[in-house]
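Please examine the sequence and the structure below before reading the explanation.

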Amino acid sequence: MTTEVDEFISAVTPAVRQRDARSLLDMMARITGEQPRLWGTIVGFGSYHYKYDSGREGASAAAACAPRNAAMSVYLNDGINRHEDALARLGPHRAGVGCLYLKNLDDVDLAVLEQIVTHSYATLTAGTVGSRARDGE
């Protein structure tokens, strides 16, 4: 883990969020084989290129999470709908268009979470992604 990321995580509160962030970072590093880096207040691993029909394009973290006060955010930029079956087995969570919100990793099935992150990372790094998370099927 880089010093910058470690310092960022060390300042996270509450304590459960800091603990969960460290667990997720270990999981994502194992899945991706990448080192974490800060993308603002998001900790990301690897990157993927996207290009929309509008012509807008760029790069983003291929696997990422952010320790927020209310919950741990896990970014699924391939779209939450792609993981519907796995999410049914995950345990307590909330979901947005491309984000999974977890209050406590002790309450979820970590093997299922690892499966979700692995699938999302593989999808995003397979080539140029042309759709937004909200368009993921």
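The following paragraphs treat the helix packing, the loop and the aromatic residues in turn.

This is a predicted model, in which local features need pLDDT of at least 70 and side-chain atom pairs count only at pLDDT 80 or more, whereas totals for chains, interfaces and linings use all residues. Residues are numbered from 1 along each chain as its sequence is written, and side-chain values use heavy atoms, with hydrogens and water left out.

Helix α1 spans residues 3-10 and helix α2 residues 15-32; they pack at an angle of about 150°, and their axes are 9 Å apart. Helices here are DSSP runs (H or I, at least four residues), numbered from the N terminus. The axes are lines fitted to C-alpha atoms over the stretch in contact, with angles from 0 to 180 degrees between N-to-C directions. Helix α1 is therefore roughly antiparallel to α2 (angles over 145 degrees). Val5, Asp6, Ile9 and Ser10 of α1 meet Gln18, Ala21, Arg22 and Leu25 of α2, contact meaning heavy atoms within 4.5 Å.

The loop between α1 and α2 contains Pro14. Thr13 and Pro14 are joined by a cis peptide bond, with omega about -5°.

One aromatic pair is found in the whole structure. Tyr48 and Tyr50 form this pair, with 6.1 Å centre to centre and 50° between the planes, a tilted arrangement (centres within 6.5 Å; planes under 30 degrees apart are stacked, over 60 edge-to-face, the rest tilted). Both Tyr48 and Tyr50 are buried (under 20% relative accessible area, 1.4 Å probe, protein chains only).

Charges also sit over rings. The charged end of Arg37 lies 3.9 Å from the ring centre of Trp39, over the ring, and Arg94 is over the face of Tyr101, 4.8 Å from the ring centre. The criterion is NZ of Lys or CZ of Arg within 6 Å of the ring centre and within 35 degrees of the ring normal.

Definitions and conventions: Rings of Phe, Tyr and Trp (its six-membered ring) pair if their centres lie within 6.5 Å; planes under 30 degrees apart count as stacked, over 60 as edge-to-face and the rest as tilted. Buried means under 20% relative accessible area, exposed over 50%, partly exposed in between (1.4 Å probe, protein chains only). Helices (H or I, at least four residues) and strands (E, at least two) are DSSP runs, numbered from the N terminus. Angles under 35 degrees count as roughly parallel, over 145 as roughly antiparallel, 65 to 115 as roughly perpendicular and the rest as oblique.
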